[in-house]
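Student: I would like to go through a structure and ask what the terms used for it rest on. Please set each value against its definition.

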Amino acid sequence: MTIDLKNPSIAGFHPDPSVVRVGEDYYVACSTFEYLPGIPVFHSRDLSTWTLIGHVAERVGQLAVEQVPTGGGAWAPTIRYHDGTFWIAITDALGRNTMLFSATDPAGPWSDGVPVEGINGIDPDLAWDEDGTCYMTYSALRLVGDELGTHHGIEQVRIDPHAAKALEEPRSMWSGTGLMFPEAPHLYQRDGWWYLMIAEGGTERGHSVSIARSSRPDGPFEGNPANPILSARSTSRPVQNTGHGDLVRTPDGEWVMVLLGMRTTGGTRAFSPMGRETFSTHVTWVDGWPTAEPVILTAPASGSFEDTFDEAELGGEWIAVRRLPAEVADLTERPGHLVLHGDGTDMSSSRPQFVGFRQAHHRMRWAADVDATAGTGGLTLRYDEAHHYDIEVGDGIIVARGHLASLQQTWCTPAPAPEAPLTLWIETVPVQFSGFENMGSDTVRLGYDGPDGPVALAELDGRYLSAEVTASFTGRVLGVYARDGLIAVDTVRYDGRDD
Ligand code: 6LW
């Protein structure tokens, strides 16, 4: 192998990755669920360093996520390139459903998107044969109609991507070895064979990748006797839930699978604060079948990020819930500041006055200078509207809050100088497993800088903001929010490292 892969390849919640190569350039797209902008596109030249170059959904109306239930929204893109056009097929779950977007530049702008008529399922794949016939292969989990919620294995139809419609009735395809949730199908051609690769076993600990082959793109497919070709289930590997992969061939003929996994922490019960992230692994072919190496975590990563809000617009890493960041965040009202206006709701709202970015390291510190002299707001560590830890200031009082489903607890103290901006912070400290006294993932500290130094107002168990506890498909997001009045944030700093 000549390629050095880095894992995680894209840290922070970036599940369901799909990859395509065009010449020397690789592109990856991921799911974003209820967040906007939706479906980030990353670029790499070496399959190791990935740079965010744009998003598919950055305009109102491209996804119908404004009111979508948590966990709905943009699921499982497939990114492909055909005849000079980049295509992305996704499920806008419980919104516009199966969608096709196209672009000539993968950095955007992408088209407004069109729902594909005649597909009732998730995880749509795109593949073209030599004649230019386009096949959409998908997981037939019904999201609309009378059969809502039922699963019918993998299905396929020929489609006209320009008209966004199925050209025939769906046919049933090979659907794995019998494990639950056959999904994430991708169809490839190699050495005279067509390969149908899928995920099965569910996106939790049982997740796996299996493959079948046929002489034709529409089957019949015969399963690989050695399936699954990848799974971390029942192992003690540091990256669990590995599955939902997509293959790419390098110009030198090497193969790499880009896939999702979880970096779990804890004891016998493990927890994943970051949710499902993007990883990569080497694939080799023997007798016409691929095998994938287990995902290897590379050297612990660290990363810092500071934003002083001097630009006219927020950077692409900022996301908002069920709306675009620009709808909530104002960078012109007070130059050099991020200004948010409260509407009386807080982080338990499904559409909070909030912008944030993904937690990407197990150990991190997130701090911001918050001027709450004309409002109430602060910092948050959010998994979803039912699971969040906040530290806020307003009316001369600092409040730390833990909100877990229907339970809420607060800790209060007077602000040291009510008429001055205050530095608020959130820290996560991973638990070192040393017995049975703490089987969680990390400790979350909520605090502020007082006249005599940092003060932690609350220390909370981080496991409750993890993929295993919440019912969300995403991961932790750090951010700032306004509850009432005007909140102006001067400088924000994030320092993270994995150790
Ligand atoms: C995705 C599917 C899945 O479409 O969850 O359980 C969905 N696995 O492959 C959201 O990530």
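Tutor: What follows takes up the domains, the salt bridges, the pockets and some backbone features.

Tutor: This is a predicted model, in which local features need pLDDT of at least 70 and side-chain atom pairs count only at pLDDT 80 or more, while totals for chains, interfaces and linings use all residues. Residues are numbered from 1 along each chain as its sequence is written, and side-chain values use heavy atoms, with hydrogens and water left out.

Student: What is meant by the area buried between domain 1 and domain 2?

Tutor: Buried area is the accessible area (1.4 Å probe) that two parts lose on being put together, summed over both. Here that area is about 2900 Å², with 61% from carbon and sulfur atoms. On the domain 1 side, Tyr35, Phe271 and Pro273 lose the most area to domain 2, together 25% of what that side buries.

Student: Why is the pair Arg205 and Glu468 called a salt bridge?

Tutor: The term requires a side-chain nitrogen of Lys or Arg within 4 Å of a carboxyl oxygen of Asp or Glu. In Arg205 and Glu468 the closest N and O atoms are 3.0 Å apart, and the pair counts as a salt bridge.

Student: What makes the salt bridge of Arg276 and Asp16 a link between parts apart in sequence?

Tutor: The N to O distance for Arg276 and Asp16 is 3.8 Å, and the pair is a salt bridge. Arg276 lies in the loop between strand 23 (270-271) and strand 24 (277-286), and Asp16 in the segment before strand 1 (18-22), so the pair ties together parts that are 260 residues apart in sequence. Strands here are DSSP runs (E, at least two residues), numbered from the N terminus.

Student: Why is the largest pocket said to lie between the domains?

Tutor: A pocket is an open set of points on a 1 Å grid over the protein atoms alone, where a 1.4 Å probe fits, with protein on both sides within 12 Å along at least five of seven lines; lining residues have an atom within 4 Å of a point. The largest pocket holds about 700 Å³ of space. Its lining has 29 residues, with Ala11, His14, Arg358, Ala360 and His361 closest to the centre. Domain 1 and domain 2 both give residues to this lining, so the largest pocket lies between them. Strand 26 gives the largest share, four residues.

Student: Where does the second largest pocket lie?

Tutor: Both domains also give residues to the lining of the second largest pocket, so it lies between them. This pocket has about 580 Å³ of space.

Student: What makes Pro109 and Leu94 worth a remark?

Tutor: Most residues other than glycine have a negative phi, and most peptide bonds are trans. Gly108 and Pro109 are joined by a cis peptide bond, with omega about 0 degrees. Leu94 has a positive phi, near 65 degrees.

Notes: Points joined across faces, edges and corners; volume = space filled by probe spheres on them. Domains from an automatic or database assignment.
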